[in-house]
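Take a walk through this structure, one part at a time. Begin with the strands, then turn to the spaces between the atoms.

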Amino acid sequence: MRYVLLILTGIFLIAVAIFVIQREANSMKLESSAFANDGNVPSKYTCDGSDVSPPLAWSGVPDGTKSFALIADDPDAPMGTWVHWVVWNIPPSSTNLDESMPADRRLDDGTRQGINDFRKSGYGGPCPPGGTHRYFFKLYALDTEISLGDRAGKQDLEGAMKDHILAEAQLMGRYERK
């Protein structure tokens, strides 16, 4: 009986160790120097300001990452989730997106930008019709590059990423128009 208890304890400890290792391996983190997670998005990054993309940086990238994708959206929009930014094929060596990214559909480093719900390519900042809205920036580490056309949107990207996500990280900011 004592041996069975020792074996079960050993199995439990191995399972806990595997869980901790996997959790650390999937601990990708997304941050911005412009606002804290659950903080207020400065008006510079909204329709009330310069409407430029905020700086984003990430760490904890898993081995095997071949590209990154980013989706920014507002689930509090009155007509349903509003998509503000769709980006894919960010090179695996990248650790950030600079402030004021150009809205070009194809960037020199291979990064691609799709169509947002403003019907434009690139970033479209927060512009809520009323109240405080939450804006989620979701970064995905992928085990492949994505092949999509220039008019691709969020749903297209989500479909192409299916079964290719190694890790994901999220940053949420809030904004209310004055």
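Two strands pair if DSSP finds at least two bridges between them. Helices (H or I, at least four residues) and strands (E, at least two) are DSSP runs, numbered from the N terminus. The model is predicted: local features need pLDDT of at least 70, side-chain atom pairs count only at pLDDT 80 or more, and totals for chains, interfaces and linings use all residues. Residues are numbered from 1 along each chain as its sequence is written, and side-chain values use heavy atoms, with hydrogens and water left out.

Start with strand β3, residues 56-59. β3 pairs with strand β6 (residues 96-97) in the antiparallel sense, over two bridges. There, Ala57 has Asn96 of β6 as its bridge partner. β3 also pairs with strand β1 (residues 29-31), antiparallel again, over three bridges. In that pairing Lys29 has Ser59 of β3 as its bridge partner. In a regular strand the side chains alternate between the two faces of the sheet. β3 has a covered face, Leu56 and Trp58, and an uncovered one, Ala57 and Ser59.

Now find the open sheet of six strands. Its order is β2-β9-β8-β4-β5-β7, and its pairing is mixed. The edge strands are β2 (39-40) and β7 (112-113), and each pairs on one side only. Strands of a sheet pair through backbone hydrogen bonds, either parallel or antiparallel.

Strand β5 (residues 82-90) and β7 are antiparallel and share two bridges. Trp88 stands opposite Arg112 of β7. β4 and β8 form an antiparallel pair over seven bridges. Here Ala69 faces Tyr140 of β8. β8 and β9 are antiparallel too, joined over ten bridges. Tyr135 stands opposite Gly173 of β9.

Why is β8 largely enclosed by the rest of the structure? Nine of its ten residues are buried (under 20% relative accessible area; exposed is over 50%, partly exposed in between, with a 1.4 Å probe and protein chains only).

Helix α2 (residues 154-161) lies across β4 (67-74), β5, β8 (133-142) and β9 (165-175). α2 runs at about 140° to β4. Axes are lines fitted to C-alpha atoms, for helices over the stretch in contact, and angles run from 0 to 180 degrees between N-to-C directions.

Look next at Ile71 in strand β4. Ile71 is buried, with a relative accessible area of 0%. Not counting residues up to four places away in sequence, Ile71 touches residues including Trp85, Phe136, Tyr140, Leu157 and Met161. Contact means heavy atoms within 4.5 Å. Leu139 is 68 residues away from Ile71 along the chain, yet their C-alpha atoms are separated by 6.7 Å.

Finally, the spaces. On a 1 Å grid over the protein atoms alone, a cavity is a set of points where a 1.4 Å probe fits but cannot get out, and a pocket is an open set with protein on both sides within 12 Å along at least five of seven lines; lining residues have an atom within 4 Å of a point. Grid points are joined across faces, edges and corners, and a volume is the space filled by probe spheres set on the points.

One cavity of 30 Å³ or more is found in the whole structure. The largest cavity holds about 40 Å³ of space. Its lining is Ala72, Asp73, His84, Tyr123, Pro126, Tyr135 and Phe137. β4 and β8 are the elements that give two or more residues to this lining.

The largest pocket has a volume of about 180 Å³. Its lining has 13 residues, and Asn96, Leu97, Asp98, Met101 and Asp109 lie nearest its centre.
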